[in-house]
Amino acid sequence: MVSEFKDKYQLVIIGAGPAGLGAALAAEERGVKDILLLERDYFLGGILPQCIHNGFGLDYFGEELTGPEYAHRFIDRIPESTVQVMDETMVLDITPDKEITALNRHQGVQKIEAKAVLLAMGCRERTREAIKIPGDRTAGVLTAGTAQRYINIEGYLPGRKVIVLGSGDIGLIMARRMTLEGAEVDSVLEIMPYSSGLVRNKVQCLDDFDIPLKLNHTLTRIEGDKRVERVVVSRVNDDLEPVPGSEQTVECDTVLLAVGLIPENELTKQMGIELDPVTGGAVVNEQRETEINGVFACGNVLQVHDLVDYVTEESEIAARAVSEYLSRRRKKRRKKIKLTAGEQITYVVPHRIDYVYQDKDKKTLKLFLRSSVPVEEAELKVVDGRGQELISSRKKIVTPGEMETIILPLQFLDEDTEELTVSVTKASQGAD
Amino acid sequence: MEKKEIICISCPLGCRVEVRGDGENIESIEGNQCPQGREYAREEFMNPTRILPTTVRVSGGELPLVSVKTEAPIPRDKIFSAMDQIAQVTVEAPVKLGEVIIEDLVGTGVSLVATRRVLSDKKAADGEKV
Ligand SMILES: Cc1cc2nc3c(=O)[nH]c(=O)nc-3n(C[C@H](O)[C@H](O)[C@H](O)COP(=O)(O)OP(=O)(O)OC[C@H]3O[C@@H](n4cnc5c(N)ncnc54)[C@H](O)[C@@H]3O)c2cc1C
Ligand code: SF4
């Protein structure tokens, strides 16, 4: 941790979650000197220190870690690195010329010039306003992540009788956490006909504690004087509209909202960088570089990851790209390749391929994607602009809740390739 | 004889596996689509265990809590008694990553260990934290 930063750096990284920490260390390893990592919170690790449950690191470290342990793997390497870290420092603005305005208690408002900028600001949670639940404006309505921080970092229980809206992993994890700490969780509501959380979390967070998961249900009203006193729960129809007459009243003092994450892209927008309306993150090429040369993005600010292991992987892709950019080793392709989300795919990252691969040991490109519906016996496919299938792979199941990857051998891309489309379909019977 | 439906968590398919048997023997396992599911269902039927992640109070630390976990999975039906024992404990800062907070948690033979570091308040104030 440094007490003061300079006014010029080769690389400035915004956000010291796993994305920023991983990228800083990987960039140093690749020879980038003079790196500054800025973090607004008073601790490093981003969201991880509050995610005290296990389930991290199986992919990357080959062992199961808790969030804080995963963060430690990186935080512990910072003191012996040359990376300069400044916490309690908020980045307020970045110009397209990469001038950063940051604010902290010691230095006030400061300008920093950077050759390269890496955006690693993570994401924030959707709130009641974002999903418009009618009723009284009372205390006791909070996002699941905020409750998690209260319980796991700050040490107090934000409620006694709880209802959770949203059955993604965060909602499920918090239902268990509140129960373990002595609160009573009435139920978890899910508007969709399926939970987007991992099966494991449904079993170990709800079934273990007999917490009902109500699929096709939502909150239609919050009532109370100063604090939440009761809520109205309704069943929804196929169009996700509440069914009149299905209303049930539940007495509770707390509503936890686990209704999705939005990449934290205020700074990105201020810079005039185009965002993908589907991911909520920047449009990037295979280097994780935005439309502005030398401005990169990785982690949840780019696409919401359910596995931190993929965040680390992405941070390494970005770090490698930053070092290639700074040492001017990149060569543009004659034609850009546009990647398109095809049948039953919501998005693909990267959005484009801009550069020629020169690295001898790098012979493949990993595409990250999500399906729009659950597909069993799935076949993932990449087809080029001429309709030629380049690669396909089979999966027992793909679901919207779990990010998928497909590995594209680079020898399949010739000079003239301009378009690639990724799709997922049910594999035809009998084929291998 | 007992009959139980177990959801296999080994992959996103989440097969519903039906296990019949008693505490010592398994009569039949049905509904799994692969051998992994069979193994999982057997374990889950005979002796369901879980890692327990939670927090312990800290005095004199940069933070009021330290996150902890059981070093190995413990029987699922011991989770609430384990939480009761953990609630009795306060550790003094500094706490090291991996430090044993409770040995032999509720007679399981499994230790409760710290999953992060918590510096003492003063050190943190002196800017030694990272
Ligand atoms: C409740 C929950 C449970 C999860 N469970 C699992 C799990 O079981 N297994 C798993 O693998 N993954 C899990 N994840 C996912 C994983 O934690 C995330 O994918 C990962 O933390 C994202 O890393 P990040 O660095 O992109 O973002 P973050 O961890 O969010 O870090 C972003 C950092 O940027 C900082 N920042 C933002 N804006 C600014 C600014 N303007 N100036 C300075 N700093 C700024 C923030 O303070 C923050 O520290 C979970 C996530 C959540 C929220
Ligand atoms: S039984 Fe096999 S296929 Fe079914 S959920 Fe378990 S691991 Fe997946």
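Which residue forms a salt bridge with A:Glu415, and how far apart are the closest N and O atoms? In this predicted model the partner is A:Arg334, and the closest N and O atoms of the pair are 3.4 Å apart, a salt bridge being a side-chain nitrogen of Lys or Arg within 4 Å of a carboxyl oxygen of Asp or Glu. The pair links distant parts of the chain, for A:Glu415 is in the loop between β26 (404-409) and β27 (419-426) of chain A, whereas A:Arg334 is in strand β20 (residues 332-341) of chain A, 81 residues apart. Helices (H or I, at least four residues) and strands (E, at least two) are DSSP runs, numbered from the N terminus. Side chains of opposite charge can pair when their charged atoms come close, and a search of the whole structure finds 37 salt bridges over all chains.

Residues are numbered from 1 along each chain as its sequence is written, and chains are lettered from A and ligands numbered from 1 in the order in which they are written. Because the model is predicted, local features need pLDDT of at least 70 and side-chain atom pairs count only at pLDDT 80 or more, while totals for chains, interfaces and linings use all residues; side-chain values use heavy atoms, with hydrogens and water left out.

Chain A is divided into domain 1 (1-125 + 261-329), domain 2 (127-259) and domain 3 (332-432), with bounds that come from an automatic or database domain assignment. The centres of domain 1 and domain 3 of chain A, taken over C-alpha atoms, are separated by 26 Å, and 24 residues of domain 1 of chain A are in contact (heavy atoms within 4.5 Å) with 22 residues of domain 3 of chain A. The area buried between these two domains is about 1900 Å², of which carbon and sulfur atoms give 48%; buried area is the accessible area (1.4 Å probe) that two parts lose on being put together, summed over both. On the side of domain 1 of chain A, the residues that lose the most area to domain 3 of chain A are A:Glu286, A:Gln303 and A:Tyr310, together 30% of what that side buries. Two salt bridges are counted between domain 1 and domain 3 of chain A. A salt bridge also joins A:Glu313 and A:Lys366, whose closest N and O atoms are 2.8 Å apart.

Within chain A, helix α4 (residues 144-154) and helix α5 (residues 169-180) pack at an angle of about 35°, with their axes 10 Å apart. Here axes are lines fitted to C-alpha atoms, for helices over the stretch in contact, and angles run from 0 to 180 degrees between N-to-C directions. The contact involves residues including A:Ala147 and A:Ile151 of α4(A), and A:Ile173 and A:Met174 of α5(A).

A:Asp253 is placed in the loop between β16 (248-251) and β17 (254-257) of chain A, and the residues in contact with A:Asp253, leaving aside neighbours within four places in sequence, include A:Gly140, A:Arg160 and A:Arg227. A:Asp253 and A:Gly224 are 29 residues apart in sequence and 8.7 Å apart in space, C-alpha to C-alpha. Most residues other than glycine have a negative phi, and most peptide bonds are trans. A:Asn216, in the loop between β13 (213-215) and β14 (217-224) of chain A, has a positive phi of about 55° although it is not a glycine. A cis peptide bond joins A:Val349 and A:Pro350, with omega about 5°, and A:Pro350 lies in the loop between β21 (345-349) and β22 (352-355) of chain A.

Chain B is divided into domain 1 (2-46) and domain 2 (53-125), whose C-alpha centres lie 33 Å apart. Between the chains, 40 residues of chain A are in contact with 30 residues of chain B, and about 3000 Å² is buried, 65% of it on carbon and sulfur atoms. Four salt bridges are counted between chain A and chain B. A:Glu69 forms a salt bridge with B:Lys69, the closest N and O atoms being 3.1 Å apart.
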